[in-house]
Amino acid sequence: MTTSTEITHISHPQHPLKLKNHQKPYNCDGCKEQGFGSRYRCELCNYDLHTDCAFAHSTTSHEFFKSCTFKFLPQRPGKCSNSQCKKCMRYCDACGKPIHGFVNHCKSKGWDLHPCCRNLANELEIDGVQFRLCGKVSSKCIWCKQRNPFGTVNGIRGWSYVSKCEKNYRFHVYCATEMVNQVWKNGGNKGSDERLSIETVKLPLPVSLNRSAGSGGNSFMRIVKVFLKTIAGILLGDPTITLTSIFVGLACKD
């Protein structure tokens, strides 16, 4: 991906957007989802874009949808221009969350993907354990203990990462985004500069997560820590983010 320090974008033709790395949360003005850290920004207009949103391709594909071509759209398809209209709402087939702005849309099949979700890695190796991105999984998420994530709509189960190991860990992509939301709500708006800090953010892990660790608890929690850091970084539009792993690591020591 390009690392240009200044770009022009069709969504904000008034001024150029400059690459910034403010260590605080923001709302992307493209996809309308949360972000943290690096972004393309217009200081004059307080306008921000995830890097994935700034450089979204006009057409793209994904291996889960082999016969589909996704077209980039500045807003969800449909006659209604109100992004909050529940009757016309569409949902990301990766995370299960609503589409409020930029979207990769397959017209022939009706699939939708947030730009950041589209760029989730197909495989990750964490502490010697390989995780594979899957579209359909029958087992329960180790975070929420459900097959279908809470808050998603019928017919959209969302993607999951599943480990290639004996314990068969599974995490919803949706649950990773909700974990990020919790970080922001608990500490993102405290302090005059709205910076996230260790002093203001507490992220207690679910009791079910600690129970699932079993006798290999320390190793299990280390895997969870790095996994959440990696996924959160992609979903927040900043792959260099390290705060999430720090927060989870601190919670594990409580």
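## Exercises around strand 3

Strand 2 (residues 12-27) pairs with strand 3 in the antiparallel sense, over eight bridges. This is a predicted model, so to speak of local features we ask for pLDDT of at least 70, with side-chain atom pairs counted only at pLDDT 80 or more and totals for chains, interfaces and linings using all residues. Numbering starts from 1 along each chain as its sequence is written, and side-chain values use heavy atoms, leaving out hydrogens and water.

**Exercise 1.** Work out how strand 3 sits between its partners.

*Solution.* Start with the terms: strands are DSSP runs of E, at least two residues, numbered from the N terminus, and two of them pair if DSSP finds at least two bridges between them. Lastly, check burial (under 20% relative accessible area, 1.4 Å probe, protein chains only): eight of the nine residues in strand 3 (residues 34-42) are buried.

**Exercise 2.** Find out how many disulfides the whole structure has.

*Solution.* Look for cysteine sulfur pairs within 2.5 Å. The search gives zero. Cys-28 is in no disulfide, its nearest cysteine sulfur being that of Cys-53, 3.8 Å away. Cys-45 is in none either; the nearest cysteine sulfur belongs to Cys-42, 3.8 Å away.

Note on methods
Buried means under 20% relative accessible area, exposed over 50%, partly exposed in between (1.4 Å probe, protein chains only). Helices (H or I, at least four residues) and strands (E, at least two) are DSSP runs, numbered from the N terminus.
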